[in-house]
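User: Could we go through this structure together? I would like to discuss its fold, its aromatic contacts and its surface.

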Amino acid sequence: MRKKIIAGNWKMNMTATEAEMFLNEIKSRIQNATAEVVVCVPYLAVFAAIDATKGTDIRIGAQNMHYLDSGAYTGEISAPMLNEAGVEYVIIGHSERRMYNNETDESVNKKIIKALSANIIPLFCVGESLAQREENITEEVISKQIQKGFENISKDDAPKVVVAYEPIWAIGTGKTATDEQANEVCGFIRKVLKEKYEDTAEEISILYGGSVNENNIGGLMQMSDIDGALVGGASLKMSFAEIVHYGK
Ligand code: PGA
């Protein structure tokens, strides 16, 4: 049985005070969730978030991380810093970072390797743009991102990586992929992983992301290759609690 995960991605939202207030309000509604619940908060809210969720089942994640432990990299945050703070997950290679922060398949791969060595679970994002989908090159794009992202990752380590399929055209647009569209690509990702890791690919959790909300989560979670969701906008609202209790 693959682990089911619902992860919120707050992006650049919530001050530390706002994070504390929000989590204090939502935490009692999140108990006994159907999936593991992760909230990926801005760096400055990490301590407040960890404090507010102590003793609950909510795990705290970061949204990015450098691939080196320390050095002259102004403005960056490293794995040991996240480790010490108590961060358990980190989003790697989100399309917004690929777009605005020059994140490449190479840097994404290095970050995944670093996260694994620091025992932080990488939420590794892949996804095609609308133009790529219309050009019919979705599989080509995704296959390259997956192969590069998993380069030099052993069969033992592979199941520690969580993949998030997020079609760029569905992020923040209100245009979710249909359950079938999402499942088709998640299944394709598993097929690519199978070529490399054989049956071990069955143990890798693959999430869908892109305009997930309390109304569409139920259908998505019934699909054969979807093991959870990465939720942006809807993770900033109290209704996030309904998302993590999908199917009840
Ligand atoms: P969205 O964002 O749910 O607001 O579409 C998802 C994401 O970018 O992870």
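Predicted model: local features only at pLDDT ≥ 70, side-chain atom pairs only at ≥ 80, totals over all residues.

User: In what order do the 8 strands close into a barrel?

Analyst: The order is E1-E2-E3-E4-E5-E6-E7-E8, with parallel pairing. Strands are DSSP runs of type E with at least two residues, helices are runs of H or I with at least four, and both are numbered from the N terminus. Two strands pair if DSSP finds at least two bridges between them.

User: How many bridges join E7 to E8?

Analyst: There are 2 bridges between E7 and strand E8 (residues 228-231), and the two strands run parallel. Gly 209 stands opposite Leu 230 in E8.

User: Changing topic, how many aromatic pairs are there?

Analyst: A search of the whole structure gives 4. Rings of Phe, Tyr and Trp (its six-membered ring) pair if their centres lie within 6.5 Å; planes under 30 degrees apart count as stacked, over 60 as edge-to-face and the rest as tilted.

User: Why is the pair of Phe 124 and Phe 150 edge-to-face?

Analyst: The ring centres of Phe 124 and Phe 150 are 5.8 Å apart and the planes stand at 65 degrees, so the pair is edge-to-face. Phe 124 lies in strand E5 (residues 121-126) and Phe 150 in the loop between helix H7 (138-149) and strand E6 (162-165), so the pair ties together parts 26 residues apart in sequence.

User: Are those two buried or exposed?

Analyst: Phe 124 and Phe 150 are buried; buried means under 20% relative accessible area, exposed over 50% and partly exposed in between (1.4 Å probe, protein chains only). Phe 124, Phe 150 and Tyr 197 form one aromatic cluster.

User: And what about Tyr 165 and Tyr 208?

Analyst: The rings of Tyr 165 and Tyr 208 have centres 6.2 Å apart and planes at 55 degrees, so this pair is tilted. Tyr 165 lies in strand E6 and Tyr 208 in strand E7 (residues 206-209), so the pair ties together parts 43 residues apart in sequence. Tyr 165 counts as buried at 0% relative accessibility, and Tyr 208 is buried at 1%.

User: Where is Met 99 found?

Analyst: Met 99 is found in helix H4 (residues 95-100). At 48% relative accessibility, Met 99 counts as partly exposed.

Terms used: Residues numbered from 1 in each chain as written. Heavy atoms only, no water.
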